[in-house]
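Welcome, and please take a moment to turn the model around before reading on. The paragraphs below will walk you through it step by step.

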Amino acid sequence: MWYHKPAINEELLQSLPNLKVVASSGVGIDHLDVKLLSSYGVKVANTPFVVSTDTADMGMALLLASSRRIVEGHQMAVSPDAEYFPADWLGVEVSGATLGIVGMGTIGYKVAERAKAFEMKILYHNRSQRKKEEENAVGAVYCKKIDDLLQQSDFVLLAVNLTPQTHKLIGKRELELMKPTATLINISRGLVVDQDALVEALQNKVIKAAALDVTYPEPLPRDHPLLKLKNVIITPHIGSATTKTRWVMMEEMAESIEAGLAGLPVPREVL
Amino acid sequence: VGKKVQAIYLWWHKPVIDRELLQSLPNLKVIANSGVGMDHLDLRLIASSGVKMANAPHAVSSATADAGMALLLASARRLVEVHHIAISPSMEYCEADILGVRVAGATLGIIGMGSIGYKIALRAKAFEMNILYHNRTRRKVQEEQVVGATYCKKIDSLLQQADFVMLVVSLTPQTHNLIGKRELELMKPTATLINISRGAVVDQEALVAALQTGVIRAAALDVTSPEPLPRLDHPLLKLKNVIITPHLGIKTDKACYMITKEAVENILAALSGLPLPNEVLPS
């Protein structure tokens, strides 16, 4: 299963009486009704760990591209009208800035490891606090309340999975708690953010900018305001899109399928 | 008016410091440059006029290293290309057009391991990259160990092994056209060249040919010759596998503030007859 297609519902399951296993690409399983599949005796597997490094890299790529205005800069540098580069065209310094990571799982932690090398101060919010040694290794400070993280961060990076609890985690209230100079980076799922509230916040300069690898839906309809905002970078859900990682994902999915068909324990089974 | 001028704070190479200007400013004591590169200045000429020179080496290093990493990641993950795909009126795209290159485990070759080059190594290590470097002199063993960097005495060795080649040298007669046809051909066809030093460090025509014929995979350039490139059909402006940025290496709020602070410190020192914190002498 790639990119959530086909949609798995009762109708499909009834039409496939011999279906034994669904192998889903990537780590997110918010698009699958695992209970429903289980009730039909179908096993589910994903590819959880191989995507972590590339997705963390993507988070940092978006953070850097947004802060240093790489996309805008490229447009300026190649535009037919450029005669000179304006002296007062500036970006925001990343080194020494504060990064707030919402969701400190495998991916969130890898982002922290990278951000530390940029001398960033790291705050994080998570369902549970990480071990002291893990916190110390990246210099991360736990924020039990998300509000504390939002108020202090120059960059807010979302690395949670999508659950009923994280649905619209970042809405009007959360955006207003953020600094007006802050940037929101989303590498989790579009639905973690109240997208209409985000558009308004960007238009009214409640926050400075956003960089989104995920939206709802994907892709956005072509007349969507997010596509037109100058302070927004959008990428087409490419967190795990490197040749090497896609290769391994394919191998892992094939392995899970073979095991499922042979009646053996399924590697990376989702329960 | 010329007699009143005692100091010049040079921003983006203006004004041009030539014999004529120096003669018209008899009381000029110091020129403070906004940034670290001094290749646009005739150091001997200025020194012979009795004028001191200073740059701003500390203010620029983090911002420039950050920009180098930003370009490396943007190129590896095709950020500019895919952003345009994401916002384009057509929703059709080919999977092959959005797959990028994995950075973790890849080899970064840093050419020029001064303050900026070393900060890049610190950042790249966190991305689990293997680091090779080429420099006029070898760094201390402890410094190498902190970032896990391996010294390549010969630049060829670095070019042959690197997946990403990052240029972080200052422009001197020795580094002019350092990367030419020969060097590009030594690089892997899957490799990316990132330039945050000066346009003239690269033989630009050779680079265009290499990018057009697949001799290397891609390039990301914060600097070109000239800046900006001439608009009339310059090939670099059209290549899909090239990201060009408008010399933004130091252009952050914080760096500009710190550059100005360093410049002012140097100017005040010169006007008080004290030693300059960051004096630059002709070599």
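Predicted model: local features only at pLDDT ≥ 70, side-chain atom pairs only at ≥ 80, totals over all residues.

Residues are numbered from 1 along each chain as its sequence is written, chains are lettered from A and ligands numbered from 1 in the order in which they are written, and side-chain values use heavy atoms, with hydrogens and water left out.

Let us begin with chain B. You can find 10 helices and 10 strands in it; these are DSSP runs numbered from the N terminus, with helices being H or I of at least four residues and strands being E of at least two. The radius of gyration of chain B is 21 Å, close to the 19 Å from the globule rule for 283 residues, so the chain is as compact as a globular protein of that length. Here the radius is taken over C-alpha atoms, and the rule is 2.2 Å times the number of residues to the power 0.38. The C-alpha trace of chain B spans about 65 × 50 × 35 Å along its principal axes.

How much of chain B is buried? Buried residues make up 55% of its 283 residues, where buried means under 20% relative accessible area, exposed over 50% and partly exposed in between, with a 1.4 Å probe and protein chains only. Contact means heavy atoms within 4.5 Å, and of the contacts in chain B with a separation of 6 or more, 62% are between residues 24 or more positions apart.

One residue of chain B to look for is B:His83, in helix 4 (residues 79–87). With 5% relative accessibility, B:His83 counts as buried. Leaving aside residues up to four places away in sequence, B:His83 touches A:Val71, A:Val232, A:Ile233 and A:Ile234.

Now for the annotations, whose UniProt positions follow the numbering used here, with shortened feature names, and which may be inferred rather than shown by experiment. In an unreviewed entry, UniProt gives "domain: D-isomer specific 2-hydroxyacid dehydrogenase catalytic" for residues 2–270 of chain A. That span of chain A is 36% helix and 13% strand, and its end C-alpha atoms are 16 Å apart. Under the annotation "domain: D-isomer specific 2-hydroxyacid dehydrogenase NAD-binding", also from an unreviewed entry, come residues 60–239 of chain A. Residues 60–239 of chain A are 32% helix and 16% strand, with end C-alpha atoms 11 Å apart.

Finally, look at the backbone of chain A. Most residues other than glycine have a negative phi, and most peptide bonds are trans. Where does the chain depart from this pattern? A cis peptide bond joins A:Tyr216 and A:Pro217, with omega about -5 degrees, and a cis bond also joins A:Glu218 and A:Pro219, with omega about -5 degrees. A:Pro217 lies in the loop between strand 8 (209–212) and strand 9 (232–234), and A:Pro219 is found in the loop between strand 8 and strand 9.

A:Glu119 has a positive phi, near 55 degrees, and sits in the loop between helix 5 (106–117) and strand 4 (121–125). A:Glu119 is partly exposed, at 45% relative accessibility. For A:Lys205, phi is near 60 degrees, again positive; this residue is in the loop between helix 9 (195–203) and strand 8. A:Lys205 is exposed, with a relative accessible area of 67%.
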